[in-house]
Amino acid sequence: MGQQSLILVFMTTLLLSGGVVLYMQEQRSSSDTTTNQFVGEHALNVANSGINLAISRVRQEKTWRTGFTNLAVDNGNVSVSLVDIGKDSVRITSSGRYSDSVRTVIAVVKLASILPEVNAALSIFGDSVVFQNSGKSFQIDGRDYKSNGSTLTTNPPVWGLGVQLDKIDTYVTNSIVAGKVASNVMGRTSSPSVGTFASDSLSVIFNMFKSLATTTIPPGKYAGNGVLGTLAAPEIVYVPGDLQWNGNTSGAGVLVVDGHLHFSGTVQWQGIVISRASGTYVDFGSSGNPRVIGAALIGNTNASNLTTVKVNGNPSAIYSSEAIATVMQNLNLNRVNILSYYE
């Protein structure tokens, strides 16, 4: 009987030991599975962060396609590439790594065609242009500034002054050199920074912003003090006719003038200024020191009419991608629509 009891105890111990080993193996396998799942999900989150970072950057800079490599994100790293696959459509590929796991996400996005292509601090549209200046202290600057208008960024510059035809480029350049104000026009080349651009979309851009106007003011002469929009709360201001603006007024957003434009005094606008009319006449700074911080697009689409630009006094038109991007973002116009997303 005692011998049988010993055998029974031995067998029970053996069975219990086997069960413990099996239980521990199952627990270890379950733990490994949980760990691998966590690592994989974390790598996927890092990849998704890469997609979000790329979309955020494209919202600010529509033409950005540089991507990034091994960018540190949440204890992992991510590499992102962007490829154009159609008009305003971009494929974004993001590979996120965490520990020894790599997950890749691909998104196809559509960029809203709202942001106008900015080629210069001052873009002049038209087949016939007259450029005059009587001032010697003006500044037309295609270098990229912060929205405060005083701090340069490291972003590449655009033209100081842009035109549509080579013959106008030659004429304007010669006029600036002859007036001994070449150093007043800066940008992507040595002064004077004058160059051509291919866009003929002034009417499209004009009509688009006109249709989106948040404020309409009557044409006429305006002076005095006031604020018409800020970077945090910009406005799209439409003027259905000529505008003469003087005094100590500031504004931010998109200014759309359906006629001749006259800036003077200490008027300052942050964002985009658009002026279009048959035979556009722009008198920029006949007195005082008005400023445009962002970009100005002026001209007409009628080949038989002149685009006349007078630069007098001490005005400044300086390029600021930050001011433009901030205005567009706060107007909710920098939209990026996700067309597809897959792992």
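Phe-38 comes out as partly exposed in this predicted model, with a relative accessibility of 49%. That value sits just on the partly exposed side, because a residue has to be over 50% to be called exposed. The ring of Phe-38 still has a partner: together with Tyr-98 it makes an edge-to-face aromatic pair, with 6.2 Å from centre to centre and 85° between the planes. Phe-38 belongs to helix α1 (residues 2–60), while Tyr-98 belongs to strand β3 (residues 89–98), so this contact ties together parts that lie 60 residues apart in sequence.

The Phe-38/Tyr-98 pair is one of five aromatic pairs. Another one brings two tryptophans together: Trp-245 and Trp-269 have their ring centres 6.1 Å apart, and an angle of 50° between the planes makes the pair tilted. Here too, distant parts of the chain are linked, with Trp-245 in strand β15 (residues 243–245) and Trp-269 in strand β18 (residues 268–276), 24 residues apart. Both of these tryptophans are tucked away from the surface: Trp-245 is buried at 5% relative accessibility, and Trp-269 is buried at 0%.

Arg-188 places its charged end over the ring of Trp-159, at 4.4 Å from the ring centre. In a second case, the charged end of Arg-276 sits over the ring of Phe-206, with 4.0 Å to the centre.

Notes:
Residues are numbered from 1 along each chain as its sequence is written. This is a predicted model: local features need pLDDT of at least 70, side-chain atom pairs count only at pLDDT 80 or more; totals for chains, interfaces and linings use all residues. Side-chain values use heavy atoms; hydrogens and water are left out. Rings of Phe, Tyr and Trp (its six-membered ring) pair if their centres lie within 6.5 Å; planes under 30 degrees apart count as stacked, over 60 as edge-to-face and the rest as tilted. Helices (H or I, at least four residues) and strands (E, at least two) are DSSP runs, numbered from the N terminus. Buried means under 20% relative accessible area, exposed over 50%, partly exposed in between (1.4 Å probe, protein chains only). A charge sits over a ring if NZ of Lys or CZ of Arg is within 6 Å of the ring centre and within 35 degrees of the ring normal.
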